[in-house]
Structure formats: structure tokens, C-alpha cells
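Please keep the sequence and the 3D view at hand while reading.

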Amino acid sequence: MRVLISGASFAGLATAFWMTRLGHAVTVVELAPGLRRGGTPVDIMGETIHILTRMGLLDAVMAKALPPRGFAFKDEDDTTIGGFPAEAGEQDPAQARYEIHRDDLLDILFAAVDGAVDLRFGRSIRQLSEGPAGVTVTFDDGVEETYAMVFGCDGNRSNTRALVFDDAETAAYFMGGYFYLRVVPETGLLPGDTSQLFSVPGKGAMLNGYPDRTDICLAFRADRPIDYDFRDKAAQRDLIHQHFDGLGWKVPAMLAHVDAEGDFYFDQANQIRMQTWSKGRIALVGDAGYCVSPVAGMGGSMALIGAAHLADALARHPGDHVAAFEAYETGLRPFVEEVQERAATTGMSMLFPADDAELAARNRQLREGTIAL
């Protein structure tokens with residue numbers, strides 16, 4: 001069958017891989033002029049390792065895996081409150097946890113489908129209309145084509161979701177905070193292969209160190225969504241300064257990078273919680289249907305898991321997309337909801353405690369060794 005995939009990131013490329021494996025003719029459209037590069041590294045663990053093994057890609061991922069990193073919680077004097085040591089020694093790959101730069105994983109997935117799919121950059125979907133023969137797709141250049149199935153793999157702000165699903169405008173769940181992310185070629189902020197986090201009530205500053213770069217993350221809590229222009233970078237920098245000016249630890253050095261020119265990411269911490277992930281012949285995969293938020297640390301893994309579960313359901317129900325989509329959602333939703341709930345509660349309170357009581361409780365658990373990432 002002819003299938004269309006919107007989005008060429010992890011979810012889209014993984015879905016394209018499995019759809020070609022099932023024998024379908026795959027077209028992928030991506031609004032950007034090329035692969036969307038940049039961003040922080042991706043954790044690979046649990047079921048994702050098994051899926052990459054099935055795909056024949058685990059060796060390529062392990063060849064690019066980053067060295068293990070320790071994680072330390074710091075106070076204003078840079079004293080370690082508690083943390084987790086870097087895992088060392090031989091591990092069972094099925095039980096291990098790997099980290100890989102986002103661009104490296106993107107390149108591995110792209111190489112796995114390159115030449116096997118019709119990949120169209122700089123294109124997007126304008127309209128979707130389902131009929132007896134399939135879904136008629138109108139692209140942004142006015143061209144119309146018909147596909148047996150359409151998969152929205154186009155991220156947290158999914159165009160596919162907005163075009164098709166009745167609850168698209170209410171699907172975003174605000175987790176009560178905002179975060180700033182930037183990758184800088186600065187390695188003097190902390191030792192390489194280390195993560196450090198400094199917290200005060202309602203605010204957190206985190207650094208992830210690598211041999212050739214450092215991830216800067218600044219996050220703050222908010223009782224309700226803030227009205228701001230997501231295109232206004234100066235206003236976003238001002239918001240960061242309003243919340244972090246005057247703080248100690250390494251925050252002043254981090255703020256110097258906030259003021260410097262260069263790309264950064266600023267957004268609210270949110271999840272996508274849909275009533276259903278499919279409608280007719282159209283289904284959502286990854287962040288488009290069930291974003292778990294960066295707090296969960298599983299965005300890339302969830303995209304790969306979702307694509308594999310979708311493919312397995314279609315393989316079990318050949319020619320019956322209704323039964324396949326139902327099986328896909330029934331099988332995966334409990335896990336997604338578990339991850340989302342854990343991120344929205346224990347994840348937020350561990351990484352960015354909201355108040356004095358949450359901060360004191362987290363620090364006590366760290367000192368007692370009763371908390372885990």
C-alpha cells in the first residue's frame with residue numbers, strides 16, 4: 001500500500017523503516033529543508049535496545065554511544081548533596097543504558113531508510129480528506145495524492161493532529177514549568193562526562209558535560225501558562241533573567257551564554273494526552289500523539305517504541321487498519337500513561353522542586369540514597 005508519513009525525525013524515520021519492512025511504498029514529507037539537527041543527547045534503554053536489535057541498528061548505536069556520565073546534585077557552594085555514579089564495566093546490552101548524540105541517532109535512522117523511501121523536504125500537508133479509497137492529501141503546493149494510510153510523526157506541535165483530531169487544541173497538558181536549553185562548545189563549565197544540577201525552590205540549573213560541548217538547561221516553575229511570543233527570542237531571554245538573575249552556583253556563567261548569540265530552545269514543559277491516537281486511516285506516532293516531555297528522558301526512545309508497536313500491530317492485522325490501530329493503542333497506552341504520570345510527578349519534583357518542602361524532601365532522599373533517576 002501507499003503510505004504517507006509527516007515528519008522526518010525519530011518517529012518518522014523509524015515508522016518509515018518498519019513500513020518498508022512490511023512491504024509498503026512509503027513517502028515522507030518534512031517541512032524543514034533537511035534533517036532537523038541539534039539538540040541534546042538521547043537515552044537508549046529498556047525496550048528500545050530490543051527494538052534497535054530487531055532493526056539491525058544496535059551495533060551502529062553502540063559504536064556512537066557516549067561514555068557513561070555521573071549525576072551530581074549540588075548546593076550553592078558547589079558541595080555535592082547526593083547523586084549517581086557513572087556506570088562502569090561490562091553490562092548485558094539488554095539491561096544497559098546508553099546515551100547517544102541526537103544527530104548521530106538521526107543519521108543512523110536516516111541511513112537505514114535512505115533510498116528506500118520517497119523523502120520530500122520542504123513540503124507539508126495542507127489538508128487531509130478520508131474517502132472509501134483512502135486518504136486524499138493536499139500538499140502545500142496544491143498537489144493532491146491518495147494514500148491508504150497516513151501517519152503523523154510531526155512532533156509536539158503536530159500539524160497532522162491539528163488537521164484531523166477533535167481534541168487537538170486541548171491535548172496539551174501543562175506540567176507547571178518552562179525550560180531553556182542550549183548546547184555550547186564550552187567545556188570549562190564542569191568536568192566532561194558529568195551532569196550537575198543546582199536547585200532552589202521553583203528553579204533549577206543543570207549542566208551536562210561532554211568532551212566537546214556542554215548542555216545548558218535552566219528551568220522554572222509556573223502556576224499557569226505564560227503569554228509570550230514564541231518567535232520573540234529577546235523576550236524569552238528576559239524571562240530567563242527575571243527568574244535566574246542573582247542566583248549563585250554556576251548560574252552567572254550559564255547566563256552569559258544565554259545572552260550570547262546562537263540558537264536555543266525555550267518552551268513550556270508539557271505533554272500530549274490524546275483521547276485516541278487514530279482516526280480512520282490516520283494515526284499518530286511519538287510526540288505527535290503522546291509526548292512524555294523532556295523531563296521523562298524518553299522522548300527518543302518513545303518514538304522508536306511507538307513506531308515498532310504500530311508496525312507489529314499492522315503485521316498482526318494485515319489489511320485491517322481499524323483492528324491494527326486499536327491493537328497499537330491498547331498495547332502501548334498503559335506504558336505511555338505510566339511514563340507521563342511519573343514525569344509529571346516524581347520527575348518534576350526531583351529535577352525542579354516546586355517549593356521548600358519538595359526541595360527538602362528530595363535532598364533528604366538523596367542523602368539517604370532512596371531516590372533513583
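The points below treat the cores, the helices, the strands and a few individual residues in turn.

The model is predicted: local features need pLDDT of at least 70, side-chain atom pairs count only at pLDDT 80 or more, and totals for chains, interfaces and linings use all residues. Residues are numbered from 1 along each chain as its sequence is written, and side-chain values use heavy atoms, with hydrogens and water left out. Helices (H or I, at least four residues) and strands (E, at least two) are DSSP runs, numbered from the N terminus.

**Nonpolar cores**

- In soluble globular proteins, nonpolar side chains tend to be buried together.
- A nonpolar core is a set of buried Ala, Val, Leu, Ile, Met, Phe, Trp, Tyr and Cys residues joined through side-chain atoms within 4.5 Å. Buried means under 20% relative accessible area, exposed over 50%, and partly exposed in between (1.4 Å probe, protein chains only).
- The largest nonpolar core contains 77 residues, and Trp18, Met19, Ile44, Val137 and Phe151 have the most contacts inside it. Helix α9 (residues 299–316) supplies the largest share of this core, namely ten residues.
- A second, separate core has 24 residues, among them Tyr178, Ala222, Met254 and Val258.
- Contact means heavy atoms within 4.5 Å. When neighbours within four places in sequence are left aside, Met19 is in contact with Val3, His24, Val26, Phe151, Leu310, Ala311 and Leu314.

**Helices packed against α9**

- Axes are lines fitted to C-alpha atoms, for helices over the stretch in contact, and angles run from 0 to 180 degrees between N-to-C directions. Angles under 35 degrees count as roughly parallel, over 145 as roughly antiparallel, 65 to 115 as roughly perpendicular and the rest as oblique.
- Helix α1 (residues 10–21) packs with α9 at an angle of about 25°, and their axes are 8 Å apart. α1 is therefore roughly parallel to α9.
- On the α1 side, the contact involves Phe10, Ala11, Ala14, Thr15, Trp18 and Met19; the α9 residues taking part include Gly300, Ala303, Leu304 and Ala307.
- Helix α2 (residues 47–55) and α9 cross at roughly 60°, with axes that come within 9 Å. The two helices are therefore oblique to each other.
- From α2, Glu47, Thr48, Ile51, Leu52 and Arg54 meet Ser301, Leu304, Ile305, Ala308, His309 and Asp312 of α9.
- A crossing is left-handed if the near helix is turned anticlockwise from the far one by less than a right angle, and right-handed if clockwise. α1 passes α9 in a right-handed crossing, whereas the crossing of α2 and α9 is left-handed.

**Strands and sheets**

- Strands of a sheet pair through backbone hydrogen bonds, either parallel or antiparallel. Two strands pair if DSSP finds at least two bridges between them.
- An open sheet is formed by six strands in the order β7-β2-β1-β11-β18-β17, with mixed pairing. Its edge strands, β7 (118–121) and β17 (278–279), each pair on one side only.
- β17 pairs with strand β18 (residues 282–284) in the antiparallel sense over two bridges. Within β18, Ala283 is the bridge partner of Ser278.
- Strand β15 (residues 213–221) has seven of its nine residues buried, so it is largely enclosed by the rest of the structure.
- Strand β12 (residues 172–184) pairs with β15 in the antiparallel sense over eight bridges, and Val183 has Asp215 of β15 as its bridge partner.
- Strand β14 (residues 203–210) is also joined to β15 by eight bridges, and the two run antiparallel. A hairpin connects β14 to β15 through two residues, and Leu207 has Ile216 of β15 as its bridge partner.

**Individual residues in loops**

- Asn156 lies in the loop between β11 (149–152) and α5 (159–164). Asn156 counts as buried, at 18% relative accessibility.
- Asn156 and Ile272 are 116 residues apart in sequence, yet their C-alpha atoms are 7.1 Å apart in space.
- Most residues other than glycine have a negative phi, and most peptide bonds are trans.
- Asp78, in the loop between β4 (70–74) and β5 (80–84), has a positive phi of about 70° although it is not a glycine. Asp78 is partly exposed, with a relative accessible area of 34%.
- Trp249, in the loop between α6 (233–244) and α7 (251–259), has a positive phi of about 60° and is not a glycine. Trp249 is buried, with a relative accessible area of 13%.
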